Amino acid sequence: MAFSSVLFLFGFLPLVLGVYYLVPDRFRNAVALLASLTFYAWGAPQFALVLIASSWLDYVLAGAIHSTVNSTTSKRLLTVAVGLNLAMLVYCKYTNFFVDQANALAAAMGLGQITWATIVLPIGISFFTFQKISYLVDVYRRQSQPTGSFGHYLLYVVLFPQLIAGPIVRYQDVASQIRKRSHSDEQFLIGIWRFTIGLAKKVLIADTLAVVADTAFGATAETMANPARLSCAAAWITAVCYAMQLYYDFSGYSDMAIGLGKMLGFDFLENFNQPYISKSVTEFWRRWHISLSNWMREYLYVPLGGNRVPPWRLYANLWIVFLASGFWHGASWNFVIWGAIHGGVLTLERLAAKRRLPRWPAALAIPRTFCLVLVAWIFFRAWDLSQAVRFLGVMATGSADATVTVSDLVSPQVAFILIIAVFMAFSPLFSGSYRYLDDWAIGPKSRGAGLKLALRSACGATLLLASATALMSSQFHPFIYFRF
């Protein structure tokens with residue numbers, strides 16, 4: 001079940017919210033937990049059972065880690081707990097990739113093939129695995145007290161607003177809210193508004209621009225398109241459309257998750273902060289998928305030594321973190337290359353800062369950073385390395401066999417949406433937009449506030465109606481990060 005589905009919008013969500021607010025406060029965690037398990041089990045109930053069982057094991061091991069006085073024993077228990085979670089992630093997400101690589105090598109050597117039944121990837125496994133690991137490590141570090149209730153821990157793991165694609169939440173950030181949280185009309189209104197904004201980002205912007213990328217790259221691996229048929233301009237406009245699609249798709253999901261959380265009384269941290277206005281790739285990663293960046297820094301970069309190591313180790317750590325980040329996104333060499341590009345650019349930026357080289361003015365630094373990110377996104381979107389390399393070749397030099405021009409890819413409607421998307425992504429007017437949007441949602445308590453609230457409600461209702469109409473009249477597009 002997806003947030004941007006008719007079933008969720010007009011069936012699941014109203015029912016859950018209705019029951020949630022009808023029952024006494026002491027039963028609301030039970031309603032949220034039951035709703036979350038139903039949400040996750042809707043398409044694959046067997047994975048829900050595995051998730052519950054693995055969460056119970058985490059709960060038991062975390063309690064043992066906390067109660068163990070011997071540091072060696074505690075560390076061993078942590079290793080077992082984290083290892084079990086990573087083993088499940090590797091088995092489900094990467095076994096198919098490793099078998100394919102082994103078969104390719106065997107074929108090159110004239111050896112027999114490994115027979116293997118393809119494993120179906122449990123949806124959201126990357127995100128809830130990271131949350132589970134952060135809980136175990138924080139308990140081991142004494143940064144977080146283990147919860148005394150398995151129900152509380154399971155609710156933290158499976159809470160449906162952010163279960164599938166984040167933001168990645170640390171237990172200590174929501175522990176007090178799980179035990180007791182406040183609800184208010186203002187918070188609920190902000191939640192509705194944020195959810196509506198996220199839905200509009202996804203349905204009206206991302207899904208519209210998706211048509212361009214799907215046409216240029218191919219909608220599936222089986223229908224992979226040849227980049228040589230694109231003109232140079234068509235390749236560039238495709239890259240820009242995909243960059244905007246990815247941003248509005250993923251930030252839209254995060255907005256919806258944050259909005260749903262507020263409707264239930266939870267406050268989740270922001271996950272995006274206008275990343276395309278970054279003046280460096282270092283700054284980009286402070287603004288893009290913030291929860292993943294924080295997780296990688298806290299649970300991988302710092303344990304590797306962080307900044308407290310010789311320069312060569314520091315640069316190696318950066319590469320390791322971003323190679324891991326790339327491989328986390330998907331079991332494909334494309335994602336490894338994508339991670340290597342970001343790790344390499346970050347290393348160069350660190351070297352430039354160390355040597356105190358002059359900084360570029362913002363008017364040049366922002367387009368430069370966007371172009372670097374844009375090139376890396378090609379590896380993120382292409383179906384294989386060959387297609388990515390050929391696509392970049394067309395962007396660089398064009399193609400003698402080009403038959404598809406910009407006008408063939410971009411209709412007037414898509415062009416209009418693209419202009420709006422680019423303006424919102426780059427305009428300084430939208431910096432700090434979440435704070436302003438939240439204030440705008442409830443309005444000031446002043447004279448005329450009732451009229452202003454009515455106008456804001458009408459604006460939100462219009463966006464919701466437009467999004468719902470688009471959902472019912474077009475093909476369903478799942479969130480991009482559901483793949484990861």
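This is a predicted model: local features need pLDDT of at least 70, side-chain atom pairs count only at pLDDT 80 or more; totals for chains, interfaces and linings use all residues.

Select Val50 to begin. At 42% relative accessibility, Val50 counts as partly exposed, a class that lies between buried (under 20% relative accessible area) and exposed (over 50%), computed with a 1.4 Å probe and protein chains only. Val50 is found in helix H3, which covers residues 45-67. Helices here are DSSP runs of type H or I with at least four residues, strands are runs of type E with at least two, and both are numbered from the N terminus.

Residues are numbered from 1 along each chain as its sequence is written, and side-chain values use heavy atoms, with hydrogens and water left out.

**The whole chain**

Display the entire chain as a cartoon. The chain has 19 helices and 0 strands. Its C-alpha trace spans about 70 × 65 × 55 Å along the principal axes. How does the radius of gyration agree with that of a compact globule? For 484 residues, such a globule would have a radius near 23 Å, and the chain has 23 Å, which agrees; the radius is taken over C-alpha atoms, and the globule rule is 2.2 Å times the number of residues to the power 0.38.

Buried residues make up 51% of the 484 residues. Among contacts (heavy atoms within 4.5 Å) with a separation of 6 or more, 78% join residues 24 or more positions apart.

**The nonpolar core**

Select Phe3, Phe8, Phe160, Met244, Tyr276, Trp288 and Trp377. These residues have the most contacts inside the largest nonpolar core, which has 132 residues. The largest share of this core, 18 residues, comes from helix H9 (residues 232-263). A nonpolar core is a set of buried Ala, Val, Leu, Ile, Met, Phe, Trp, Tyr and Cys residues joined through side-chain atoms within 4.5 Å.

**The loop between H9 and H10**

Move to Asn271, which lies in the loop between H9 and helix H10 (281-287). Is Asn271 buried or exposed? Asn271 is buried, with a relative accessible area of 1%. Leaving aside neighbours within four places in sequence, Asn271 is in contact with Pro167, Phe250, Ser254, Arg287, Trp288, His289, Ile290 and Ser291.

In the loop between H9 and H10, also select Gln274. Gln274 is buried, with a relative accessible area of 5%. Its phi is near 45 degrees, a positive value in a residue other than glycine. Most residues other than glycine have a negative phi.

**From H13 to H14**

Go on to Arg356, in the loop between helix H13 (333-354) and H14. Arg356 also has a positive phi, near 55 degrees. At 76% relative accessibility, Arg356 counts as exposed.

Helix H14 covers residues 362-381, and Ala362 lies in it. At 37% relative accessibility, Ala362 counts as partly exposed. Not counting residues up to four places away in sequence, Ala362 touches Lys279 and Pro367.

**The last stop: helix H4**

Finally, select Phe97 in helix H4 (residues 71-108). Phe97 counts as buried, at 10% relative accessibility. Apart from neighbours within four places in sequence, Phe97 is in contact with Phe327, Ala331, Ser332 and Trp333. Ala425 lies 328 residues from Phe97 along the chain, and the two C-alpha atoms are separated by 35 Å.
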